[in-house]
Amino acid sequence: MNVSEKLFLAGLGSGLLPKAPGTWGTLVGLLIGMAILSYFPIETLFLLTILVTLIGVREINRYELRSGIHDDKRIVIDEVAGIWLALCISGISFPALILSFLFFRTYDIWKPSIIGRIDREAPGGWGVMGDDLVAGAAAGFSSALVMQVLLHYHMLG
């Protein structure tokens, strides 16, 4: 990986950590997403998610062509895009941030249903990014559902 790949594809270098690079990449994405949402509306994060996804697919395709490695574990830009999509759906309260992180990591590691199928069968950059985007959408909807249940039963202050 060259320097620009370490910054972009490896999520500011978080993907280079020896243990749990996906979790570290998700945490970096969560912190950057929170910073973006503290200054800009949620629509900005959604548009940035689309932009990062499109650039990510192109850069992953280039990296895979050059290195011959599919879904290199050091690549975590897919985790960044996935957690950003979860935040766009679930909202920006502290409980929603925690729930989004937990649900996203669960779906990304467990890879149930279509998430696992995309991971196994989709080629190139879309295969790397696609499963995390679906996991992010599922995490966002799961978090929003749990938040609604907690609000309904007055379990949130």
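**View A. Ser113 has its place in helix α6.** The model is predicted, and local features need pLDDT of at least 70, side-chain atom pairs count only at pLDDT 80 or more, and totals for chains, interfaces and linings use all residues. Residues are numbered from 1 along each chain as its sequence is written, and side-chain values use heavy atoms, with hydrogens and water left out. Helices (DSSP runs of H or I, at least four residues) and strands (runs of E, at least two) are numbered from the N terminus. Although Ser113 is not a glycine, its phi is positive, at about 50 degrees. Most residues other than glycine have a negative phi. With a relative accessibility of 65%, Ser113 counts as exposed, where exposed means over 50% relative accessible area, buried under 20% and partly exposed in between (1.4 Å probe, protein chains only).

**View B. Ala20 sits in the loop between α1 (3-7) and α2.** Here too phi is positive in a residue other than glycine, with a value near 50 degrees for Ala20. The relative accessible area of Ala20 is 42%, so this residue is partly exposed.

**View C. Helix α6 (residues 113-121) and helix α7 (residues 124-152) have axes that come within 8 Å and cross at roughly 170 degrees.** This crossing makes α6 roughly antiparallel to α7; angles over 145 degrees count as roughly antiparallel, under 35 as roughly parallel, 65 to 115 as roughly perpendicular and the rest as oblique. On the side of α6 the contact is made by Ile114, Ile115, Ile118 and Asp119, and on the side of α7 by Trp126, Gly127, Gly130, Asp131, Val134 and Ala135, a contact meaning heavy atoms within 4.5 Å. Sorted by class, the residues of this contact are 6 nonpolar, 2 polar and 2 charged. Axes are lines fitted to C-alpha atoms, for helices over the stretch in contact, and angles between N-to-C directions run from 0 to 180 degrees.

**View D. Val134 belongs to helix α7.** When residues up to four places away in sequence are not counted, Val134 touches Ile114, Ile115 and Ile118. The C-alpha atoms of Val134 and Lys111 are separated by 9.8 Å, and these two residues are 23 residues apart along the chain. A relative accessible area of 28% means that Val134 is partly exposed.

**View E. Helix α4 (residues 77-90) packs with helix α5 (residues 94-110) at an angle of about 135 degrees, their axes lying 10 Å apart.** The two helices, α4 and α5, are therefore oblique to each other, and their crossing is right-handed. From α4, the residues Glu79, Gly82, Ile83, Ala86, Leu87 and Ser90 meet Ala96, Leu97, Ser100, Phe101, Phe104, Arg105 and Asp108 in α5. The contact of α4 with α5 has 7 nonpolar, 3 polar and 3 charged residues.

**View F. Leu99 lies in helix α5.** Its relative accessibility is 17%, and Leu99 therefore counts as buried. Setting aside residues up to four places away in sequence, Leu99 touches Ser143, Val146 and Met147. Of these, Ser143 is 44 residues away from Leu99 along the chain, yet the C-alpha atoms of the two are separated by 5.4 Å.

**View G. The axes of α2 and α4 come within 8 Å and cross at roughly 45 degrees.** The helices α2 and α4 are therefore oblique to each other, and α2 passes α4 in a right-handed crossing. Gly22, Gly25, Thr26, Gly29, Leu30, Ile32, Gly33, Ile36 and Leu37 in α2 meet Glu79, Val80, Ile83, Trp84 and Leu87 in α4. The contact residues of α2 and α4 divide into 8 nonpolar, 5 polar and 1 charged.

**View H. Thr26 is found in helix α2 (residues 21-39).** With a relative accessible area of 0%, Thr26 is buried. Apart from neighbours within four places in sequence, Thr26 is in contact with Glu79, Ile83, Phe101, Phe104 and Arg105.

**View I. An unreviewed UniProt entry carries the annotation "transmembrane region" for residues 32-57, 83-104 and 133-153.** In the model, residues 32-57 are 92% helix and 0% strand, with end C-alpha atoms 20 Å apart. For residues 133-153 the chain is 95% helix and 0% strand, and the end C-alpha atoms are 30 Å apart.

Note on methods
Ala, Val, Leu, Ile, Met, Phe, Trp, Tyr, Cys and Pro count as nonpolar, Asp, Glu, Lys and Arg as charged, and the others, Gly among them, as polar. UniProt positions are given in the numbering used here, feature names are shortened, and annotations may be inferred rather than shown by experiment. A crossing is left-handed if the near helix is turned anticlockwise from the far one by less than a right angle, and right-handed if clockwise.
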